[in-house]
Amino acid sequence: MIILPAIDIKDGNCVRLFKGDFSTVEKVASDYLETAKSFEEAGAEWIHMVDLDGAKEGRPVNTKIYTDVAEKTSLKVELGGGIRNMETIEQYIEMGISRVIIGSAALKDPKLVSDAVAKFGSEKIAVGIDAMDRMVATEGWLESSDVNYIDLAREMIKVGVRYFIFTDISKDGTLSGVNAEQLRDLNDAVGSECNIIASGGVHTMNDIITCKEMGLYGTICGKSIYKGTLDLAEAVAYAHR
């Protein structure tokens, strides 16, 4: 299993939100590059980054920050937020981003996903499934839908998607533990056909153990690292076993 430490960017700052609520923004680190390098030193190979301004505005906003991390560290950058068209996807991949996350557009424009996978390959494209009460949310979590998260995953697999990031919004930024039940349901339904990355709620090593024992591909850790409830080096070492 891989561990993906996370940096969310808003107004150029490293922040975390509580349950995706933009009014709860909390600055968690002073310098994104120093933070990324600390993740690298702890043994991480990947970093999960989110353009929160981009997610809200539907377009790339903090591009230089992500390309800086890709160029100035050895970390592979997985990036989401505001990615709604092929031009943006191509731009990011050409700039050295290793995996681009399509979120809202997966529900609203499934052809974009199939075209992106066909053009860039399944390794470069992930679909972010963000759910509240098992239903998919879009537009930076500001809008809800009537689509079940497992149904969306099944539809995306049909067009070639092999990487999913599943976030239970009610857990995100809460340090209350991963939603093992919903992760297990997703893994049981489609896990044999794709790679699932758990996101939201990671608190301690117990969450890392839960995800690894489930056989997930990856786990994203954000606030737990910044608050000191999870030791990144220990998590990476365990995940690599």
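1. Let's start with two tyrosines: Tyr163 and Tyr217 are both buried. Keep in mind from the outset that you are looking at a predicted model. Searching the whole structure turns up three aromatic pairs, and one of them is formed by Tyr163 and Tyr217. Their arrangement is edge-to-face, with 5.2 Å from centre to centre and 75° between the planes. In general, a pair of aromatic rings is described by those two things, the distance of the centres and the angle of the planes.

2. Where do Tyr163 and Tyr217 lie? Tyr163 belongs to strand β10 (residues 163-168), while Tyr217 sits in the loop between α9 and β12, so the pair ties together parts that are 54 residues apart in sequence.

3. Now step back to the protein chain. Its secondary structure comes to 11 helices and 12 strands. Along the principal axes, the C-alpha trace spans about 40 × 35 × 35 Å. A compact globule of 241 residues would have a radius of gyration near 18 Å, and the 16 Å of the protein chain agrees with that.

4. How much of the protein chain is buried? Buried residues make up 58% of the 241 residues. Among contacts with a separation of 6 or more, 69% are between residues 24 or more positions apart. The accessible surface of the protein chain is about 9800 Å², and carbon and sulfur atoms account for 44% of it. As for charge, there are 26 positive and 38 negative side chains, and the centres of these two sets lie 1 Å apart.

5. Asp133 has a value of about 55°, and Leu175 has one near 55°. You will find Asp133 in the loop between β7 (125-132) and β8 (135-138). Asp133 is exposed, with a relative accessible area of 65%. Leu175, for its part, is in the loop between β10 and α8.

6. Leu175 also turns up among the contacts of Ser224. Is Ser224 buried or exposed? Ser224 is buried, because its relative accessible area is 1% and buried means under 20%. This serine is placed in helix α10 (residues 223-227). Setting aside residues up to four places away in sequence, Ser224 touches Leu175, Val202, His203, Thr229 and Leu230.

7. Finally, have a look at Met95, in the loop between α4 (86-94) and β6 (99-102). Met95 is partly exposed, with a relative accessible area of 30%. Which residues does Met95 contact, apart from its neighbours within four places in sequence? They are Thr63, Thr67 and Ala70. Thr67 is 28 residues from Met95 along the chain, yet their C-alpha atoms are separated by 6.2 Å.

Terms used
Residues are numbered from 1 along each chain as its sequence is written. This is a predicted model: local features need pLDDT of at least 70, side-chain atom pairs count only at pLDDT 80 or more; totals for chains, interfaces and linings use all residues. Side-chain values use heavy atoms; hydrogens and water are left out. Helices (H or I, at least four residues) and strands (E, at least two) are DSSP runs, numbered from the N terminus. The radius of gyration is taken over C-alpha atoms; the globule rule is 2.2 Å times the number of residues to the power 0.38. Buried means under 20% relative accessible area, exposed over 50%, partly exposed in between (1.4 Å probe, protein chains only). Contact means heavy atoms within 4.5 Å. Accessible areas come from the Shrake-Rupley method with a 1.4 Å probe; for residues, only the protein chains shown count as cover. Lys and Arg count as positive and Asp and Glu as negative; His and the chain ends are not counted. The place of a charge is taken as NZ of Lys, CZ of Arg, CG of Asp or CD of Glu. Rings of Phe, Tyr and Trp (its six-membered ring) pair if their centres lie within 6.5 Å; planes under 30 degrees apart count as stacked, over 60 as edge-to-face and the rest as tilted.
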